[in-house]
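These are my notebook entries on one structure, taken down as I looked things up.

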Amino acid sequence: MQCIVSARKLSKGVLFKQFGSQVLGPRSYCSAIVADIGQPTPTSHPQLLKDGEITPGIATEEYILRRKKLLQLLPEKSLAIISAAPVKMMTDVVPYTFRQDADYLYITGCQQPGGVAVLGHDCGLCMFMPEAKPHDVIWQGQIAGVDSALDTFKADVAYPMRKLHEILSDMLRGSSKLFHNVQTAIPAYTKLEAFQKLLFSNNVKDLSIYTHQLRWIKSPAEIKLMKESASIACQALLLTMLHSKMYPFEGMLAAKFEYECKMRGAQRMAFNPVVGGGPNGSVIHYSRNDQKIEDGDLVLMDVGCELHGYTSDLTRTWPPCGSFSSAKEELYELILETNKQCVQLCKPGASIRQIHDHSVKMLQKGLKEFGILRGVPSSAYHTLNPTSIGHYLGMDIHDCSRISYDCPLEPGVIITIEPGVYIPSHFDGPERYRGIGIRIEDEVLITETGYEVLTASIPKEIKHVESLINNYHRMGMDSHSKMGATQS
């Protein structure tokens, strides 16, 4: 932060009164150095964080409460170890964009690689932090160290990583059980003799049985971030839909969505956008996004963004040409009605499994009426829709995988509802339905009285979708004609 004082706007008396007898030139600079710890803080990024927040939208008190809740779940004389996500390399010198492990971020608030967090009844939160080397600082910038662990992340105790072997070994020797993040485990601690002894005696377990339980129900602050993430994705997808008639190319639509999300503050895509035009829409996680969308074909876009560690996930299917054919309209209406009914089933006490079973009955009945499943074994349905009706959503796209889909939903849980049908071009059924993929996906927050659809702002009724595409295109053409007439 630089304070610039213009001598022309201050009298000599004021200059001497404020700055003493020092002679000033035309401008004087007083600099307050803002410490860089390798991630945003309220001091370095006041546009992102409020005072008292460790990460945008999440206060220090909430992080401390999370740690207390995890300790309450841990058995006596046990430890929890969570390593940061590893840096993954694209080439020998080029890393992929770093994304922190959700459990490590949830407990520590640290968005950087190289650290190990230990939680125990005696030590509280102990963080082992990487040490910055001059060469790395020159090339990659500052990183959070021991001081940041104590001052910013509010660890109870912190050490440099070089002390991990000595200190963590002592902690492990005094523990009867160990829970750790299996996904990010590193040799720095798994090769310790004390770890191996606990492993040999079957006293090492996956920590996610506890962390997923905590992350499953969102706090008010988390729900606010999830709503903001969904809002950004909805705005971006709406603009992409409007863009699709003029630019019917999978890659362009993917680029448009990403651009609009990042212009609204998202840090990254939640996953590689699925933009399947025509028969590509029948490939559930199609991600090549390299084809032109032919006139009359549908495009299926399954997209989402990540905002300060919280994801969004939604899907819409529409014809960029502006009109559904009769076969596509029939299938679309079936998926839409299934989506609506399944959303209405979302409430405390229901489960994803129950909602899924209802969706299967609806879709099987509809596909038989269309003749798509007539005369074929019942197992053919699972070929046309092998997916679940939805999944939990949060810091990860398929969030809290340790929580069963049979678990009764509770207020604060966020799920997706995403019925679909995926008929490959080679399917042995009515020709008019071949090569069609349709999915309609919404995010649903479970509330005390039922549900709230977080993606309701994106149209999904056929008349609304067609009107949106055609009226926008017509407005654009009229505007272009008027400009041409003015120039001539």
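**Entry 1: Y286**

I looked up Y286 and found it buried, because its relative accessible area is 6%. I take buried as under 20% relative accessible area, exposed as over 50% and partly exposed as in between, with a 1.4 Å probe and protein chains only. The model is a predicted one, so I keep to its thresholds: local features need pLDDT of at least 70, side-chain atom pairs count only at pLDDT 80 or more, and totals for chains, interfaces and linings use all residues. Residues are numbered from 1 along each chain as its sequence is written, and side-chain values use heavy atoms, with hydrogens and water left out.

Y286 sits in the loop between β12 (274-277) and β13 (299-303). Helices (H or I, at least four residues) and strands (E, at least two) are DSSP runs, numbered from the N terminus.

Which residues does Y286 touch, not counting residues up to four places away in sequence? I listed E250, P273, V274, V275, G276, N280 and Q291. Contact here means heavy atoms within 4.5 Å. With E250 there is also a polar contact, side chain to side chain, of 2.7 Å. I count as polar contacts pairs of N or O atoms within 3.5 Å; within protein, one must be able to donate a hydrogen and the other to accept it, and residues adjacent in sequence count only if both atoms are side-chain atoms. A polar atom of the Y286 side chain also lies 3.4 Å from the backbone nitrogen of N289. I noted N272 as well: it is 14 residues from Y286 in sequence, and the C-alpha to C-alpha distance is 9.4 Å.

**Entry 2: the cavity**

Rolling a probe the size of a water molecule over the atoms shows where empty space is left. On a 1 Å grid over the protein atoms alone, a cavity is a set of points where a 1.4 Å probe fits but cannot get out; a pocket is an open set with protein on both sides within 12 Å along at least five of seven lines; lining residues have an atom within 4 Å of a point. Grid points are joined across faces, edges and corners, and a volume is the space filled by probe spheres set on the points.

I counted 1 cavity of 30 Å³ or more. The largest cavity has a volume of about 60 Å³. Its lining consists of T55, I58, Y63, R66, L105, Q111, H308, Y310 and M395. By class I get 5 nonpolar, 3 polar and 1 charged. For this, Ala, Val, Leu, Ile, Met, Phe, Trp, Tyr, Cys and Pro count as nonpolar, Asp, Glu, Lys and Arg as charged, and the others, Gly among them, as polar.

The largest pocket has a volume of about 1,100 Å³. It is lined by 40 residues, and the closest to its centre are V87, F98, Q111, Q112 and P113. Helices α3 (102-108) and α4 (134-140) each supply at least two residues of this lining.

For the second largest pocket I have a volume of about 840 Å³. Of its 32 lining residues, K88, R99, Q100, D101 and D396 are the closest to the centre. Which element gives the largest share of this lining? It is α9, with 3 residues. The classes in the second largest pocket are 11 nonpolar, 10 polar and 11 charged.

**Entry 3: S208**

I then turned to S208, which lies in helix α9. S208 counts as buried because its relative accessibility is 9%. Its side chain makes a polar contact of 3.0 Å with the side chain of R402. Leaving aside neighbours within four places in sequence, S208 is in contact with D103, Q213 and R402.

**Entry 4: cysteines**

How many disulfides does the structure hold? I found 0. A disulfide is a pair of cysteine sulfur atoms within 2.5 Å. For C234 the closest cysteine sulfur is in C305, 9.2 Å away, so it is too far for a bond. The sulfur of C346 is 7.6 Å from its closest cysteine sulfur, in C342, again too far for a bond. C234 is buried at 2% relative accessibility, and C346 is buried at 1%.
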